[in-house]
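My notes follow in the order in which I checked things.

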Amino acid sequence: MAQTDARNWFDEGGRAYSQFRPSYPGTLAARLAELAPSTDLAIDVGCGTGQFTTTLGDTFERVVGLDPSGEQIANAAPHAHVEYRRSAAESLPASIRDHSAGLVSAAQAAHWFDLDTFYGEAARVSVDGGIVALLCYGILHIDNPGIDERAQQFYAEDLDAYWPPSRRLVEREYRDLPFPFEELEFHAPSIQKRLTLDALLGYFSTWSAVRAAREAGRAGLLEDVGRDLAALWGDPATERVTTWPIGGRVGRIRA
């Protein structure tokens with residue numbers, strides 16, 4: 001299944017992505033490690049700036065983070081157990097030995113892949129019984145009803161025309177993706193983070209739809225929501241609890 005969104009929206013802005021995108025809870029990596037037949041090696045594909053890669057590094061002995069964007073790799077968070085390489089999901093580096101990885105993961109990235117080709121590569125590098133995890137997080141929720149309502153409007157109404165078609169796959173938690181593996185029941189914890197107003201707007205700025213709107217001459221959409229949220233927020237330094245639900249598909253590869 002080839003995806004239609006060929007453009008890599010994250011070739012630029014790696015520093016903002018690193019600063020504002022949320023990281024994943026350690027319990028998520030720990031649960032995947034429990035399922036994996038080996039924790040010697042995990043491969044995180046479409047790793048961006050390492051939000052999930054570094055979490056895996058706390059659990060797996062060695063982690064290789066791969067992303068086609070040099071800008072993302074240049075801004076990736078360091079970790080003693082993690083190495084980063086520039087690589088597309090559809091052509092993993094030959095230096096990764098066949099049948100060597102206990103886990104192949106893709107966090108908030110699989111909707112950009114040519115899945116048929118990626119699945120072939122995942123099977124090639126996985127040990128027998130290895131785990132494939134396609135993870136995604138949904139739209140955030142903020143612990144203030146008025147602020148949350150305006151954030152939801154920004155996502156679903158203001159930016160509706162600018163989201164790529166693949167975004168709908170995330171909204172459906174990848175349930176519409178083909179998944180040719182032995183699927184496992186998996187309940188993921190949510191991401192939770194405390195955000196100031198500036199941090200929230202910084203996160204919004206990393207959305208592909210915001211970039212598309214800016215290129216279409218609609219940069220004012222982000223300015224408008226910033227102004228509206230500032231009126232609702234109070235002291236902009238106030239931190240508000242923000243939650244992202246995690247979904248996706250987890251399966252086991254058999255030789």
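I began with the pairing of β4 and strand β5 (residues 126-137), which run parallel to each other and are joined over six bridges. I keep in mind throughout that this is a predicted model. Within that pairing I looked up A106, and its bridge partner in β5 is L134. I then followed the chain between the two strands and found that β4, helix α5 (residues 115-125) and β5 form a β-α-β unit, which is right-handed.

Next I turned to the pairing of β4 with strand β1 (residues 42-45), which is also in the parallel sense and counts three bridges. Here I noted that I43 has V104 of β4 as its bridge partner.

Why do I describe strand β4 as largely enclosed by the rest of the structure? Seven of the seven residues in β4 (residues 101-107) are buried, so the description follows from that count.

My last entry concerns L56, which I located in helix α3 (residues 53-57). Is L56 buried or exposed? Its relative accessible area is 0%, and because the cut-off for buried is under 20%, I record L56 as buried. I then listed its contacts, leaving aside neighbours within four places in sequence, and found A29, A42, D44, V63, L103 and S105. Finally, I checked L56 against S87: the two are 31 residues apart in sequence, and their C-alpha atoms are 19 Å apart in space.

Technical notes: Residues are numbered from 1 along each chain as its sequence is written. This is a predicted model: local features need pLDDT of at least 70, side-chain atom pairs count only at pLDDT 80 or more; totals for chains, interfaces and linings use all residues. Side-chain values use heavy atoms; hydrogens and water are left out. Buried means under 20% relative accessible area, exposed over 50%, partly exposed in between (1.4 Å probe, protein chains only). Helices (H or I, at least four residues) and strands (E, at least two) are DSSP runs, numbered from the N terminus. Two strands pair if DSSP finds at least two bridges between them. A crossover is right-handed if, with the strands pointing away from the viewer, the path from the first strand over the helix to the second runs clockwise. Contact means heavy atoms within 4.5 Å.
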